[in-house]
Amino acid sequence: MTVEASTREAYGRTLIELGKQNKDIVVLDADLSLSTMTHFFAQEFPQRFFDCGLEEQNMIGIAAGLAASGKIVFASSFAVFASCRCFDQVRLCVSQPKLNVKIVATHSGISVGEDGTSHHAIEDLSLYCALPSFTVIVPADAIETTKAVKAAAATYGPFYIRLSRPKTPLIYHEDHHFIVGKSITLRPGKDVTIIAMGIMVAKALQAAQKLATQGIDSRVIDMHTLNPLDAEAIIKAASETGAIVVAEEHLAHGGLGSRVAQVVVEEKPVPMSFVNLKDHYASSGKAEELLRRFGLTAEGIEEAAKQVVQKKRSFLPGDA
Amino acid sequence: MAKKVRQHIISMIATAGSGHPGGSLSATDIITALYFKIMHYDPHNPGWQDRDRFILSKGHGAPALYAVLAESDYFPVEELTTLRKLDSRLQGHADRNFTPGVEMSAGSLGQGLSFGIGIALAARLDERDYQTYVLLSDGECEEGQIWEAALSAPHFKLDNLTVIIDRNRQQLSGWTRNIMDVEPLNEKWQAFGWHTIEIDGHSFNQILAAFEEAKTIKGKPTIIIAHTIKGKGVSFMENNVEFHGKAPTAEEAERALEELG
């Protein structure tokens, strides 16, 4: 049976641990601490927690000022507000001066569900990956979230960490070895590689199991860090499997798919297929309903993998 | 000293061939007073943790800040003529990555006050006594983020934070009251919970008295609305919106320097 856990709760609990270890950890929120789970830290360390109210732009500036004074600053909100709402502030006050601010955004993607289109952050990765100094991470489960948050605290510089609203299946064990910028090959395979991030990683593993029963041997990579991207693993996958599927809960442009494609085109061109939201905004609905509607499912990945394998074979007659 | 700073501003911008003389000249007396009479800092140790901080939120006023920093010995005065040139440490708008003594980058207006609030909160967390000063322009008060920050600094009871508005009444394309009126400024900031002081921003006595008064105010931040003249000190630049973002020609610069003689 699949065990599920909340990435944002893992974040909140990890902040307490970090706060106990280091008095320079400071946390900001914009009136969403009960949802982003920074309220755990607020209760434990009220002096080092600042609720900035519904002032995301101001929050980023305050975060930068604290960071410039030597603090390790975590600033949280929903992904939609932590990206689109304050992008100019992030660019000028955090990215350009390379300050030690960790923006941890919860409620990303369409799996936010019922709150509707305004609340679906599906542009955020494109925005943050455009900023040269940002490390951008999308953990696949709660355990990876804890590791990523600790790595962010221990590494100087701007980070964007993207978390989800719903609980997600646990993929890793406590001994999970996480390195920023180093992807994880969860399953070996030689026919096709599925590169996924966040909630799509568990679905990619399910798809790989189904594909195996149909004679397609799929490699699955958890590309948790979008910037800096693990180009080495991508080139290796392109060389060894000759076909790549990228699965992400994001619009088509500027996210993981675009970034992987750039490496593939430049280093080792092979057929690719993309599972994402294309150019569409979603609507209200249950998370699972929306993911199904847009094909962000194990079945959607399975289908894309079959297509790309077909394409590979038509490109290379005899190479089956 | 203010006269010297104004001379630098004219020479720098004329040499660069672009820049913002009007708002640099209006802010000159305020920045000069801060660096030569009010603030504690060590130009040879820009990262000294107990230094007072000055944040130029109106980033286009950078020439005034650069001139003052050079005269304060942060870097050689000769470097001022490199303004806006390739490989110069003196960027078109103030940038903390490039210039010793520049606390924060600016150029997208409305952001410096939030940064100042972060600095002031850090002082409280670290139990340090330094003061934080933020200089805004009046046109900048049209940015929404200013009012987010205006709301939050009194909420956090930041009495170690002082804001100055360079109220020169003009912005890029004309008089502020015609573009987007910001009045009544004093009442607005008071309503947001600030201690307000209004002064003549070209009177050193009034500037110094205002900063001294700000230090005595407890439990809330202070804002000094400094009434200034855009292009102050050069007759043909004064209240002339044309010189918001235009460099003087060589001939104009010569005339300006004569007047500042």
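In this predicted model, strands β3 (residues 161–167) and β7 (residues 222–227) of chain B run parallel and are joined by six bridges.

Zoom out and you get an open sheet of five strands in chain B, ordered β1-β2-β3-β7-β6 with parallel pairing. β1 (53–56) and β6 (195–200) of chain B sit at the edges with a single partner strand each, so one side of each has no neighbour in the sheet. On average, neighbouring strands here are turned by 20° against each other, ignoring direction.

| Helix | Strands it lies across | Angle |
|---|---|---|
| α4(B) | β1, β2 (132–137) and β3 of chain B | about 170° to β2(B) |
| α8 (204–216) of chain B | β3, β6 and β7 of chain B | about 170° to β6(B) |

Now for the contact between chains, which takes 18 residues from chain B and 23 residues from chain A. On the chain B side, α4 (112–125) and α5 (144–155) each put in at least two residues, and α4(B) gives the most, with nine. Sorted by class, that side of chain B has seven nonpolar, nine polar and two charged residues.

Chain A itself splits into domain 1 (4–169) and domain 2 (184–313), with C-alpha centres 26 Å apart. Their contact takes 28 residues from domain 1 of chain A and 29 residues from domain 2 of chain A. Elements supplying at least two residues each on the domain 1 side include α7 (124–129) and α8 (142–154) of chain A. By class, that domain 1 side has 14 nonpolar, ten polar and four charged residues.

Note on methods: Residues are numbered from 1 along each chain as its sequence is written. Chains are lettered from A and ligands numbered from 1 in the order in which they are written. This is a predicted model: local features need pLDDT of at least 70, side-chain atom pairs count only at pLDDT 80 or more; totals for chains, interfaces and linings use all residues. Two residues are in contact if their C-beta atoms, placed from the backbone, lie within 7 Å. Helices (H or I, at least four residues) and strands (E, at least two) are DSSP runs, numbered from the N terminus. Ala, Val, Leu, Ile, Met, Phe, Trp, Tyr, Cys and Pro count as nonpolar, Asp, Glu, Lys and Arg as charged, and the others, Gly among them, as polar. Domain bounds come from an automatic or database domain assignment. Two strands pair if DSSP finds at least two bridges between them. Axes are lines fitted to C-alpha atoms, for helices over the stretch in contact, and angles run from 0 to 180 degrees between N-to-C directions.
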